[in-house]
Amino acid sequence: MARNVAFDLNNPLMEAGLESPIDEEGVHDSFSQLIAEQSQNGGASDSDTFELQELQRQLDEEERDNVAFLSDPGREFQGRRQRDAEWEDADTQADPLIGERWSSATLKILSSMPSRTIGRNRGAIISQYYNRTMQLRRRRQSRPAIRDFSRSARPSIRGYGIETDSADAEVSKRDRLVNNLQNLSVSDRIRMLRAMPLNVSEKSELRSLALQKEKRTLSRRIPCCSQLKYYIINGARQGWYSWLSFLHSLHLWQVPLKRVSGRFGSGVLSYFLFLKTLLFFNVFLFLVTGAFMVLPQALHPPESFVGRPYFTGLELLTGAGYFSDTVMYYGYYCNYTLRKSCRDDGGVHNVSLSNGTMPDCVSKHLSYNMPLAYFFTIGVSSFLTCIILVYSMSKSFGQSFRIDKSHSILAIKTFCSWDFKVIKKSSVKLMSENICTQFKELLAEVSHKQVKNTRCQRLWRLMVHGLAWAICVASTTACVLAIFYCSSHMHQNLQLFLSSRVPVTNPLLNEASLLALPVLVSLINLLLPGLFNLAAWMEDYESPSVRTYVSIGRNLMLKVSVLGVLCYHWLGRVAADPMTIGLKCWETFVGQELYRFLLMDFIFTILDTLFGEFLWRLFSEKVLKRRRKPVFDIARNVLELIYGQTLAWLGVLFTPVLPAVQILKLLLLFYIKMSSVMMNCQAPRKPYRVSQMTTVFITLLCFPSFLGASVCVTYTMWSITPSSSCGPFRELKTMFQAGKRWVEELEKDNPNLSVLARAHSYLVENPFFLFVGAGIFLIVIYFHSQVVDGQRKIIGLLQEQIENEGDDKKFLITRLQTIHEQKRTPTRRLASQNSNC
Amino acid sequence: MGTTASQLGKDMLSEYQELTFLTKQEILLAHKRFTELLTKDEKDLPNNRVPMERILTLPELKSNPFRKRICNVFSTSEYKDGGLTFEDFLDLLSAFSDSATLEIKSHYAFRIFDFDDDGTLDCGDLEKLVNCLTGETDDTRLTPEEMRQLINNILEESDIDKDGTVNLSEFQHVISRSPDFVSSFKIVL
C-alpha cells in the first residue's frame, strides 16, 4: 500500500520533465519516503487506509476530484483553507503556504504529516512512546539485570511467536511498545504508562500485555529469589500507594479551597495556599521544639521558688504575669542535665544537678542536657527550615522563570488564560469579560506601539513618581522615628519607675501599658499601606505588574525598617543592661514582647478584615450604591503573613511555644479570611501572574524574613551575654559556648574524640571556612549562570533550524502541489511551469 | 464508601491507580460521583456510558465554555456523541488532576482547543477558541477586525515553522513558557 503511493507519486515526476533530474529525484525520493513512513506510522488504521485509497483514486481520476467526494474532515479543512486565504489576502502578508489554494491531494498529505497526526492519531502516539521507551531502555542499558532481560526479548516482531504475521503496522508498533514496556523497570513502566495520552482502557490493555509476558518470562527463567524480589517490590509499591493515599487524605481544607478557587480562580487561591505552607512550616517547628525542648522540660519542672501571680485574663494579651514563669518562655528552662532516676523504683523521675552528684550512674542511664538540647534544637530546626525554604524557592524559580525570553503574550493569553477551576457561573462570566478587555487592551497596545510621550509629559510623570516616593519614604521615616522614640520613652519610663521606687499602684495598668508599643506598630502596619495605595493611585501605573512590584517594595521597606528598629530596641537596649529596668531575665521579656506583637498583628488583621472588607462593602453597597465589591488585595495580605512569620521565627529562641501560637493564629486567620472573601469580595479584574508572584513571595519569605530572623537569632547566640539568673545558658558568656563546653567535656571524658574538638574549633570558630563556603557558593552560582547563557544560545540556534525546516516543508509542499497540478491539467502544464520557474 | 469500594474491586482500583495520576481517594470519589449520574436500571449493567447531557450537569463542568469539547476529547464512544464511560471519566480527571505532568496536560489542552479534530490549530480553531474565551454575548465578542488581528498575532508568535497553523509541538512550546498553565488547567471533583 505504501509502495503504491510512493510509486504513484514518482510516476508524474518522471513525466514532468524537470530541469535538473538528479536534484529533483532526490527531493522526491525523500518525500515519498516520508509518505511511506507516514502510512506505516499512523495510516494503517482503517479510516486512514481508506483515506489513502481515496487519495489514490483522486490522483487517478481528475473528474471526480470534487468536494462531495472527500471525507468530512478534509472538506472542512479545505473550507477553512479558503477562508484563511481570504483573510490573508485582506492582510497583505503573502505567505506561500497560506496564500494558495491546495488541491485535495495536497491537503490529504498535509493533514497526515507527522507534526499534525501526533495531536490526534493513536498510532502516532504509540510510535512516539515506543521511541521514548527505547531511549529510556538505552539509557538504563548499563545495568546488568536489564541487559539480561533485553537480550532475551529484543524489540523485533518475530521475537515471540504468538502473533500471527500481520502486516498491520499499528499492531506491530504496539507489540514493540509492549515489549519495551516489559523490559523497563516497574517504576519506569508505571511512569511511562501514566504519561501516555491514551485512554485508560488502552493503557490497561498495554499493561496487561506487558504483565502477561513478564509473568511468562518470570516463571520460565527467574530463580525463586528474584521472584521473591518481585513480590517484595510489588508489596513495596502497594505500601507506597497506600502511603500516598494517606497523605492525600491529610490534605487540609480541600473543600473550602475548592470553593475559593471555583469562585475566584488561582490568584486568591494562592494566598490561601501560601497560608497553608506557612502553617506546615510552623507545625514542623512546633513539633521539633515541642519534642526536644518543651516536653522534656514540662516533664521535669524545676522547683518553683515564688508563688505564681493569679490569672487575670489580661495575660492572654500581654503574655506576662501568670505566663511569665512557665514553659512558654526561655527563663523557665533549666541549665542542668535532666536524668532519669538511677534506682528503678517504678519510673519516678528525679532531677539532679549536673555537677556530678551521682557519678556512678551517669553513664548507664538516660540523661538529657537541657542547654545543649536548647542550642541544637534551635540550630537544627532553623537549618532544616532554611533548607526547605531554599529548596522550595529553587523549585518555584524553576517553574516560573524560563530561559527563553521571546515575547508571545497574545498566544499565551489565548492558550493559557482560561482557569478551569472556576465553576461558578457569575465568575465564569466575569472571567470572560476580563479576558475580553485584556485582549482588547493588548491588541490596542500592539497596533499602536509606544505612543511617544512629549518631554513635558515625561517630566510630569517623573515628578509624580518622585513625589509619591518622597511621600512614602517620608511617612516610613516618620513612623520609624515614632517607634524609636516611643520605645526609648517606654524604656526610660521603666528606668524611672525603678529608680523612684514608687509603690505599684495598679499592676494591671502597668501591664497594660506594655501593650502600647505593639498597638502603635500594628496601627502603623495597618494604616501606612493605605497611604501607599493612595500614592500608587496618584501615580497611575500602566502595567499592573509594575504597580504590584512597587507596592510590594514600599511595604517591604516599611516592614523591614520597623523590624530593624524593634530588633535594635530589644537586642541593643534591653539586652545590653537589663538590670537598669529591673529585669531578671531579659530573654523572657523579649519573648513576651514578641508574643504581644504577634497577637496584636493578628487582632489588627481581624479589624482590617472587618472594617476594610465587611464594612466597606456595606458602605459601598448601601451608601454609594455601587454594585462592585472590594477586591481582595493578595499582595498586601501575603506580606502581612510574611511579617507575622518573621516575628514567629525571631521569637522561637525566646519563646519556644511561639510556633503553637502562630499555628492557632493561622488556623483562625484561614477561616476568617475565607468567610470574609466569600462574603465581601469579588474576583480580581486584573490578570494575576500566580506562579511568578508565588515565587516572589517565597523569595521574600526566605530572603528578608527568614534570613533576617536567623541573623538576629545568631547574633543573640553568638555575642550577647545571656542573663545570669535564668534560662538554660545562665553562667555562660554566650549561648554559643554551650556547644563548646560540651565538646570540651567530651574530650575530657574520651580523649579519642579530640579530633572532634579540633574540628569544632577549626570549623565553627574560624572565619576562614565561612569564606571558603561562601566562595564555593558563588562559584556554583557563576557556573549556573554560564550554563543558562549557553542554553539560551542553543535555543536561538534551534529556532533558526526550525525555521529552516519550515522553509523546507513549504518548498516540498509547493513542489508536490505543482506536480499534482501538472498531472491533473496536462493542458495547463506549460503555464504552471512558467509560473513556477 | 464501603459499597462503592466493593463495587470497584481492589484489583481495578490499584490498576487505575497505576494508570492514572489519581489517588485512591480520588478514584473512589470519582466512582461515587459517576454512579450518581447513572439511572436506576443502568446501575446494574457493567460498562455504562453516560450521555454527554448528563455529564454536563456536573457543577465542575456546567459553566465551562469548553465542556462539550472536553467530553468529546475524552469520549471513546464510536458514535462520537461525547458520552463517557467510567474509564473515560477517570481519564478526564487524571488529565486535569494536580499531579498530571505538563506534557499530558498540554496534549489534552491541544486536543480540546482543536475544535475540528484535524490535529492542528488553524485559524478556524483559533477563532472558536477566542470566542469561547470571551463568551458568546455580543458585548464581549471581539469585532471581526480585532479577531483577524489577534489571530494573525497569535500565529506570528507561536507558529514557528510558519505553515499557517499551530501544531502540537508549537503549542507545547508556547505552553511551556507560561508557568501558570499547570495550575489553571485543573478540575477537582
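Biologist: Among contacts in chain A between residues at least 6 apart in sequence, what percentage join residues at least 24 apart?
Modeller: This is a predicted model, and what follows is computed from it. Chain A has 837 residues, of which 45% count as buried, and its secondary structure consists of 31 helices and 2 strands. Of the contacts in chain A between residues at least 6 apart in sequence, those joining residues at least 24 apart make up 77%.

Biologist: And among contacts in chain B between residues at least 6 apart in sequence, what percentage join residues at least 24 apart?
Modeller: Chain B has 12 helices and 0 strands, and along the sequence its pattern reads α-α-α-α-α-α-α-α-α-α-α-α. The C-alpha trace of chain B spans about 55 × 30 × 30 Å along its principal axes. With contacts in chain B again taken between residues at least 6 apart in sequence, the share that joins residues at least 24 apart is 55%.

Biologist: How are helix 19 of chain A and helix 10 of chain B oriented to each other?
Modeller: Two packed helices are described by the angle between their axes and the distance between the axes. Here the axes of helix 19 (residues 425-447) of chain A and helix 10 (residues 144-158) of chain B come within 11 Å and cross at roughly 75°. Because angles of 65 to 115 degrees count as roughly perpendicular, helix 19 of chain A and helix 10 of chain B are roughly perpendicular.

Biologist: How do the residues of the contact of helix 19 of chain A with helix 10 of chain B divide into nonpolar, polar and charged?
Modeller: Helix 19 of chain A contributes Phe439(A), Lys440(A), Leu443(A), Val446(A) and Ser447(A), while helix 10 of chain B contributes Glu146(B), Gln149(B), Leu150(B) and Asn153(B). The residues of this contact divide into 4 nonpolar, 3 polar and 2 charged.

Biologist: Which residues is Leu566(A) in contact with, leaving aside its neighbours within four places in sequence?
Modeller: Leu566(A) belongs to the largest nonpolar core, of 113 residues, and is one of those that touch the most other members, along with Tyr271(A), Phe272(A), Phe274(A), Trp586(A) and Phe697(A). Leaving aside its neighbours within four places in sequence, Leu566(A) is in contact with Ile483(A), Leu517(A), Val521(A) and Phe597(A).

Biologist: Does Asn555(A) count as buried or exposed?
Modeller: Asn555(A) lies in helix 23 (residues 544-574) of chain A and, leaving aside its neighbours within four places in sequence, is in contact with Pro529(A), Phe532(A) and Leu639(A). Its relative accessibility is 4%, so Asn555(A) counts as buried.

Biologist: Does Glu731(A) count as buried or exposed?
Modeller: Glu731(A) lies in the loop between helix 27 (690-719) and helix 28 (737-749) of chain A, and its phi is near 70°, a positive value in a residue other than glycine. Because its relative accessibility is 64%, Glu731(A) counts as exposed.

Biologist: What is the relative accessibility of Asp117(B)?
Modeller: Asp117(B) lies in the loop between helix 8 (102-113) and helix 9 (123-134) of chain B, and its phi, near 55°, is a positive value in a residue other than glycine. Asp117(B) counts as partly exposed because its relative accessibility is 44%.

Notes:
Residues numbered from 1 in each chain as written. Chains lettered and ligands numbered in written order. Predicted model: local features only at pLDDT ≥ 70, side-chain atom pairs only at ≥ 80, totals over all residues. Heavy atoms only, no water. Helix = DSSP H or I, 4+ residues; strand = E, 2+ residues; numbered from the N terminus. Buried < 20%, exposed > 50% of the residue type's maximum accessible area, 1.4 Å probe, protein only. Contact = heavy atoms within 4.5 Å. Axes fitted to C-alpha atoms, helices over the stretch in contact; angles between N-to-C directions. Parallel < 35°, antiparallel > 145°, perpendicular 65-115°, else oblique. Nonpolar A, V, L, I, M, F, W, Y, C, P; charged D, E, K, R; others polar. Core = buried A, V, L, I, M, F, W, Y, C linked by side-chain atoms within 4.5 Å.
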